[in-house]
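Hi there,

Here is the structure I promised to pass on. Have a look at it first, and then read on for what turned up.

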Amino acid sequence: MSWEPKIAGFLCNWCSYTGADLAGTSRLHYPPNIRVIRMMCTGRMDPVFVFKAFQAGADGVIVSGCHPGDCHYQEGNFKMLRRAHLIKRVLADLGIHPDRFRLTWVSASEGDRWARFSADFTQTIRTLGPLKLTSDSILEGTYNAA
Amino acid sequence: MSSEASGDKKLVNLTIDGRSVEIEKNSTVLQAAHKLGIEIPTLCHVDWMEPYGACRLCSVEVIKGKRRRLVTACNYPVSDRIVIETINDRIRRVRAMIIELLLGRSSNVPLLQELGKQYGVEKSRFGEGTEGCILCGLCTRVCDEIVGVGAIAMDGRGIKRRVATPYDEESKTCIACGACAAVCPTGYIKVIDDTRTEKGVPLEFPTGPTTSIYVKTLQSVPKVPVIDVESCIKMQTGGCGVCATYCEPGAINYNQKPEEIEVDVGQILISTGFQTIDLKKFAQYGYGRLDNVYSALEFERMLNATGPTGSQVVLKNGQEPRAVGIIHCIGSRDENHHRYCSRVCCMYALKMAHLIKDRTKAAVYQFYIDMRAFGKGYEEFYHRLLDEGVTMIRGKAAEVVEAGWGQRDEGVLLIRAEDTLIGKFREIPVDMVVLCAAMEPQHDADEVGRLFSISRSPDGFFLERHPKLDPTSTMTDGIYLAGACQSPKDIPDSVAQAQGAAARILQLISRGYVEVDPIRAEVVEELCGGCRMCNNLCPYGAIEFVLDKKISRVNDALCKGCGTCVAACPAGAITGKGFTNAQIMAEIDGLFAKPTQGAKA
């Protein structure tokens, strides 16, 4: 069986989740590799979720929110933008290629944009190949789920 | 008079021309005469200022026993049992002399000529001066007593006496109120209105108030006048107060001060409106530089029946324009300024064209990018305008310049524009240009947005919750939008939106309770360390710090459940209901879980 990338997608409820929904209802074709988790806002993204996804077996993680200035909660996406730069540096330290993580903006009306982005990101992950984490996960037991 | 009235104010009894009258003790003879309906001629007297006794024309005779003497009625106090004669040969002689003397100085004053006829003075023996001023002192007193400025005073003595400003220089204290001219009985003092040209055409068409007490708009609610503190003489100098003397119900209160009032409300409707773009940014159209280039609002004032020209369309030189150019989209649909369409300009430009056609014989040119006649009856109006002979030129005007001397047969200004329909560059001579300035967000929209925690769309206008399904609400519950603060719109649209918003507000009031989404953040008090990091992160100000417990607490009514605080809490003390860390972790695990035996089978 050929390898297929597994990608976790964290989408904000108001723009990107609705945008991805629109891509579906518009019958747009795009790779089925992204598995979506709905958040209320990308501002809710705890960086640990990204690391946890890689630990759980994701080959890539994509976070998508409203366009800057359009956040339903005013500025949650800016908070995510700040975290994204840190996440990339931490990923590099962990031996995970920073390109395996991506932050995008997709509005509720941009189904085609979501389809394009997911195809593009899936292609990126495909090129990078499967993620091989070393035996004991470095993330094991670092987080107390409240 | 009743006995209770005399208890408060002492009354005296006197006889004027054989008729007895009872009047308050501190009155003057003139007031007592007026009470009896007896006319005494005056030149320097008005009821609302202190008597002055300058003209002596009100001379009457006071008779006490055998003594008779001449006094001025305007400032002679009444006393008990005195006898007054207001007219007899002696008084007539004295008054005739006064009039003759005044005529000698100012024979050109109709008021004096009239009095002269009454007292038999046809011609003065003292010459036929044309001074015009009768030295009544009304102007100097009104300036000092009423206006409180004292910009003019009597100067010189005897025949050299005259009204003057200090050192005969232009007064620095004069506030140009015009009170002196209004009170002058001879018309000697004239107000020169330097806001108008020699032909009486206003130089400016102010869109704000032009008097110190004014009703803001005809549609104001409540429709009451307000006082402009900056320019009100009473407020600034303590003088004047004329409006209060005219207000019969006594509604004018000068002691009112601006005050901040705190009102507890559950819902707020924001309708802060728009401003127009500063036309000085567009040097190419000559606004503020060339004569007869107006903004649409100024031109609207010119068309207004209660405006400075009384709805006459006139040029600065007092003539009717031969041609008027109306240029659309100044700053709107413009990559350099605002990309959006201001929506109202096409239609008001057409209305203006219609009114110009109605009132003048001028040719009207519309320079438009696209004609957006979008509303009910608008397209029909556009066609009516075509029938009326308005020339439509599709293309944005490039510039407005003064026409060369040889080109001025049709207009003194030249509009240079591309006509995209015939594919040619054109120069249209006109006499007057009207610029349709773009609507833009109020200059303090950012501050207002912050105050109410509402966001703004990229064009700067307040952002509605949903462009189609919820155009009157904002992302913040209980805050609604109406009118041009949300996007450029015309009056029907603003009214519709405002009525919609009002209905939404009433809906909640009549229901009496608020439904909130179950998705909220919650602080686990045992875990909260009181670092207050979340307090400032919350875009809704929903997290308050409980001082006595030294922990943060989420206000359920304000929280929208975005989860920003949940992700940021260093202690993991905040949970997002419906989106807890445990739930999301489980979701992640579930995404990549190996299919179980059962699923395989």
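On the chain B side, Phe579(B), Met585(B) and Phe592(B) supply 23% of the area that chain B buries against chain A, more than any other three residues. Please keep in mind that this is a predicted model.

In terms of contacts, 31 residues of chain B meet 32 residues of chain A. Helix H15 (564-568) and H16 of chain B each supply at least two residues of the side that touches chain A. H16(B) gives the most to that side, with 9 residues. Sorted by class, the side of chain B that touches chain A has 18 nonpolar, 9 polar and 4 charged residues.

The count of salt bridges between the chains is 1. Lys52(A) forms a salt bridge with Asp589(B), and their closest N and O atoms are 3.2 Å apart.

That lysine leads on to the helix it belongs to. Lys52(A) is one of the buried residues of H2(A), along with Phe49(A), Val50(A), Phe51(A), Ala53(A), Phe54(A) and Ala56(A). Because 7 of the 10 residues of helix H2 (residues 47-56) of chain A are buried, the helix is largely enclosed by the rest of the structure. What does the covering of these buried residues include? From chain A there are strand S1 (7-12), strand S2 (34-39), strand S3 (60-65), helix H3 (76-93) and strand S4 (101-105), and from chain B there is helix H16 (581-592). Just after H2(A), Gly57(A) takes a positive phi of about 125°.

Next, the nonpolar cores. The largest one has 51 residues, and those with the most contacts inside it are Phe10(A), Val61(A), Phe101(A) and Ile588(B). H2(A) provides the largest share of this core, 6 residues. A second, separate core of 36 residues includes Tyr294(B), Ala362(B), Val434(B) and Cys436(B).

As for chain A overall, its secondary structure comes to 4 helices and 4 strands. From the N terminus on, these elements run β-α-β-α-β-α-β-α. Of the 146 residues of chain A, 51% count as buried. Among its contacts between residues at least 6 apart in sequence, 79% join residues at least 24 apart.

Finally, one spot in chain B. Val12(B) lies in strand S1 (residues 11-16) of chain B. Is Val12(B) buried or exposed? With a relative accessible area of 7%, Val12(B) is buried. Leaving aside neighbours within four places in sequence, Val12(B) is in contact with residues including Val21(B), Ile23(B), Lys25(B), Val78(B) and Asp80(B). Ser27(B) is 15 residues away from Val12(B) along the chain, and their C-alpha atoms are separated by 9.4 Å.

Technical notes: Residues are numbered from 1 along each chain as its sequence is written. Chains are lettered from A and ligands numbered from 1 in the order in which they are written. This is a predicted model: local features need pLDDT of at least 70, side-chain atom pairs count only at pLDDT 80 or more; totals for chains, interfaces and linings use all residues. Side-chain values use heavy atoms; hydrogens and water are left out. Buried means under 20% relative accessible area, exposed over 50%, partly exposed in between (1.4 Å probe, protein chains only). Contact means heavy atoms within 4.5 Å. Buried area is the accessible area (1.4 Å probe) that two parts lose on being put together, summed over both. A salt bridge is a side-chain nitrogen of Lys or Arg within 4 Å of a carboxyl oxygen of Asp or Glu. Ala, Val, Leu, Ile, Met, Phe, Trp, Tyr, Cys and Pro count as nonpolar, Asp, Glu, Lys and Arg as charged, and the others, Gly among them, as polar. A nonpolar core is a set of buried Ala, Val, Leu, Ile, Met, Phe, Trp, Tyr and Cys residues joined through side-chain atoms within 4.5 Å.
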